[in-house]
Amino acid sequence: MHAQEIQVFEADDGTRYVNVDTTTYAGLERATNPKFNLAASGLSDLVIFTSLLHPASYIFSPQYTGKLFTLFRHPVERVVSRFHHEQQTDMTLQDWTITQYAQSGRVENNWVTRYLVNKPGGGLTQDDVYLAMDILRRKCVVGLVDHIEESMSKFESIFGWSSLVQNNPDVKDCRDRHLEQSRMHKNPSVEEGSEAWNIIMV
């Protein structure tokens with residue numbers, strides 16, 4: 001069998017996956033290659049990608065459609081989380097406060113809107129905001145980090161995963177473990193109306 005042929009493999013734990021890495025440009029190029037055509041193959045029920053939303057969209061077509069699902073949180077909470085993550089990986093930030101971080105220019109600017117409309121730089125218009133909202137309305141099942149358990153149940157119901165979770169102890173254990181980690185991992189909050197809050201929300 002040709003090494004590049006798209007096929008299903010089974011890991012030692014019974015997990016089945018298709019040999020396409022959709023988290024990289026090279027993998028997405030392979031997935032969209034007419035010779036392989038991941039969506040038309042019917043081999044995969046779920047495609048996972050990171051920040052490559054627009055390249056990943058070319059996997060699908062009007063005949064072979066897909067639907068996004070994602071978790072959102074308040075933009076200030078997202079910045080705070082990113083700040084604490086960067087503190088762990090960048091020693092120059094060890095003694096910074098969240099206010100210093102907010103003032104530094106390292107804070108993302110309307111990241112979700114830019115991500116959805118594929119406009120990483122330059123100014124944003126009201127039309128960009130409306131387009132981002134329309135994309136979410138038509139193409140995405142939205143959950144909230146603040147309501148993670150309800151959101152997971154929503155995803156499971158919509159995508160038909162409920163029976164998989166309930167009937168497979170390993171899957172249920174994985175789900176419960178991630179939910180518990182989410183509940184335990186809480187960053188310090190930023191007071192609404194504070195200097196840091198106002199800078200982030202500009």
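Predicted model: local features only at pLDDT ≥ 70, side-chain atom pairs only at ≥ 80, totals over all residues.

Student: Why is Glu86 called buried?

Tutor: Its relative accessibility is 12%. Buried means under 20%, so Glu86 counts as buried. Glu86 is one of the buried residues of α4, a list that also includes Val76, Val79, Val80 and Phe83.

Student: What do the buried residues of α4 pack against?

Tutor: They pack against α5 (98–103) and α11 (195–201).

Student: How do you know that the length of α4 is close to the expected one?

Tutor: Helix α4 covers residues 75–89, which is 15 residues. From its first C-alpha to its last it reaches 21 Å, and 21 Å is what is expected at 1.5 Å a residue. Helix α10 (residues 169–184) can be checked in that way too: it has 16 residues and reaches 22 Å, close to the 22 Å expected.

Student: What makes Asn168 a cap for α10?

Tutor: A side-chain oxygen of Asn168 lies 3.0 Å from the backbone nitrogen of Asp170. The cut-off for a polar contact is 3.5 Å, and Asn168 caps the N-terminal end of α10.

Student: Why is the pair of Arg106 and Glu86 called a salt bridge?

Tutor: Their closest N and O atoms are 3.1 Å apart. A salt bridge needs a side-chain nitrogen of Lys or Arg within 4 Å of a carboxyl oxygen of Asp or Glu, so Arg106 and Glu86 form a salt bridge.

Student: What does that pair tie together?

Tutor: Arg106 lies in the loop between α5 and α6 (111–117), while Glu86 lies in helix α4, so the pair ties together parts that are 20 residues apart in sequence.

Student: Is Arg106 buried, exposed or partly exposed?

Tutor: Partly exposed, with a relative accessible area of 35%. That class is for values between the 20% and 50% limits.

Student: Which salt bridge does Arg106 form with Asp90?

Tutor: Their side chains meet at 3.3 Å, N to O. Asp90 lies in the loop between α4 and α5, and Arg106 in the loop between α5 and α6, so this pair ties together parts that are 16 residues apart in sequence. There is a network here as well: Arg78, Arg82, Glu86, Asp90, Arg106 and Glu108 are linked by salt bridges.

Student: How many salt bridges does a search of the whole structure find?

Tutor: It finds 14.

Student: And what does the protein chain look like overall, in helices, strands and buried residues?

Tutor: The protein chain has 11 helices and 4 strands. Of its 202 residues, 25% count as buried.

Conventions. Residues numbered from 1 in each chain as written. Heavy atoms only, no water. Helix = DSSP H or I, 4+ residues; strand = E, 2+ residues; numbered from the N terminus. Expected span 1.5 Å × (residues − 1). Buried < 20%, exposed > 50% of the residue type's maximum accessible area, 1.4 Å probe, protein only. Contact = heavy atoms within 4.5 Å. Polar contact = N/O pair within 3.5 Å; in protein donor to acceptor, adjacent residues only side chain to side chain.
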